[in-house]
Amino acid sequence: MTVAESDTVRNRVRIAQETMTPGQLAALLAFGAAIAFALVFVQEPLVHDSLHDFRHAAGITCH
Ligand SMILES: [Zn+2]
């Protein structure tokens, strides 16, 4: 990325911050939080399964 491109991105972020209302910023933050929650929610079973497999690999039976 060239300096000019990063400046353009920075300008766009600055313009977005200056033109968005607090309500829009709140909506954006809520959207980001929803995405983060969805990612955690989707990944949790995978983490649980890997821990489950680890328990069995370690010789601990759970069922
Ligand atoms: Zn098990």
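A residue counts as buried if 20 or more other C-beta atoms lie within 10 Å of its own, and by that criterion the count of buried residues among the 36 residues of helix H2 is zero, which leaves the helix hardly covered. The model is a predicted one, and the secondary structure of its protein chain comes to two helices and zero strands. With a radius of gyration of 21 Å, well over the 11 Å that the globule rule gives for 63 residues, the chain is therefore more spread out than a compact globule.

**Overall form**
- Taken along the principal axes, the C-alpha atoms of the protein chain fill a box of roughly 55 × 35 × 10 Å.
- Buried residues make up 0% of the 63 residues in the protein chain, in keeping with the zero count for H2.

**Helix H2**
- At Gln43 the helix H2 bends by about 30 degrees, and a proline, Pro45, follows within four residues.
- Just after H2, Gly59 takes a positive phi of about 85 degrees.

**Annotated segment**
- In an unreviewed entry, UniProt lists residues 21–42 under "transmembrane region".
- Over residues 21–42 the model is 95% helix and 0% strand, with the end C-alpha atoms 31 Å apart.

Key. Residues are numbered from 1 along each chain as its sequence is written. This is a predicted model: local features need pLDDT of at least 70, side-chain atom pairs count only at pLDDT 80 or more; totals for chains, interfaces and linings use all residues. The bend at a residue is the angle between axes fitted to the seven residues ending there and the seven starting there. A residue is buried if 20 or more other C-beta atoms lie within 10 Å of its own, exposed if 12 or fewer, and partly exposed in between; C-beta atoms are placed from the backbone. UniProt positions are given in the numbering used here, feature names are shortened, and annotations may be inferred rather than shown by experiment. The radius of gyration is taken over C-alpha atoms; the globule rule is 2.2 Å times the number of residues to the power 0.38.
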